[in-house]
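The stops below go from one selection to the next.

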Amino acid sequence: FDLDYAEDSAYIINADHIAKLQAQQADPDIAALLARTTPPHDAYNLRYAGWLSAKATYKGKTNQVETLLSDLSSLKIKQWDAQIQVVHLEGTSDYVAILPSARTPFVNGGIDERISQLQSLAQRLSAYPALAATMNDVISFHTSIDNTRNEQQQKEELVDDASDLLETARKDISLMMYRNLGLLIDKYGSNPQFI
């Protein structure tokens, strides 16, 4: 089920319905339909705007996480690896203790897995005073990406909440339009094209 398609379709139908009622509101029967349809119409539009806003905010936070992950795999781990190799050459026992799988865990794997690898790297670096600056940079980067990831997941919750509220509003306006259809069928039964 494509929620975006369903909501976009509902938005279009809702807007069309209210516009047609407004165009014919000189008729007292249509004016009554417009009066009862306006509150669920407005509520749906408000929820729709909130849903779009929540989705955009989540998308922005997702982009931030993706950018930080890209920085991690394309720049940061290379810098840290080079700094480690200044003190402990690749292949030495200390190098292997610090980066047991070399750069791989920072380039491959899921988001949360890679974030956890940063925290683990910082812990391993704490045993090497000569690499304190590297450790501090890893800690700083970990804090940044971890906070951004948490914000992203919180925004995902907002999208879920906004989706639930929008679905309730969609059902309300859909029911109202369905009820209006019945009254319009009764009013214009002999002229169905006008309905």
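Select Lys 61, which is found in helix α2; helices (H or I, at least four residues) are DSSP runs, numbered from the N terminus. Lys 61 is buried, with a relative accessible area of 18%, where buried means under 20%, exposed over 50% and partly exposed in between (1.4 Å probe, protein chains only). Leaving aside residues up to four places away in sequence, Lys 61 touches Thr 148, Glu 151, Gln 152 and Lys 155; contact means heavy atoms within 4.5 Å.

This is a predicted model, in which local features need pLDDT of at least 70, side-chain atom pairs count only at pLDDT 80 or more, and totals for chains, interfaces and linings use all residues. Residues are numbered from 1 along each chain as its sequence is written, and side-chain values use heavy atoms, without hydrogens and water.

Next, the aromatic rings. Rings of Phe, Tyr and Trp (its six-membered ring) pair if their centres lie within 6.5 Å; planes under 30 degrees apart count as stacked, over 60 as edge-to-face and the rest as tilted. By this rule there are 5 aromatic pairs. Select Tyr 48 and Trp 51: this pair is tilted, 5.7 Å centre to centre with 45° between the planes. Both residues lie in helix α2 (residues 28-87), 3 residues apart, about one turn of the helix, and both are buried.

Then show Lys 55, which lies over the face of Trp 51 at 4.2 Å from the ring centre (NZ of Lys or CZ of Arg within 6 Å of the ring centre and within 35 degrees of the ring normal).

Terms used. Helix = DSSP H or I, 4+ residues; strand = E, 2+ residues; numbered from the N terminus.
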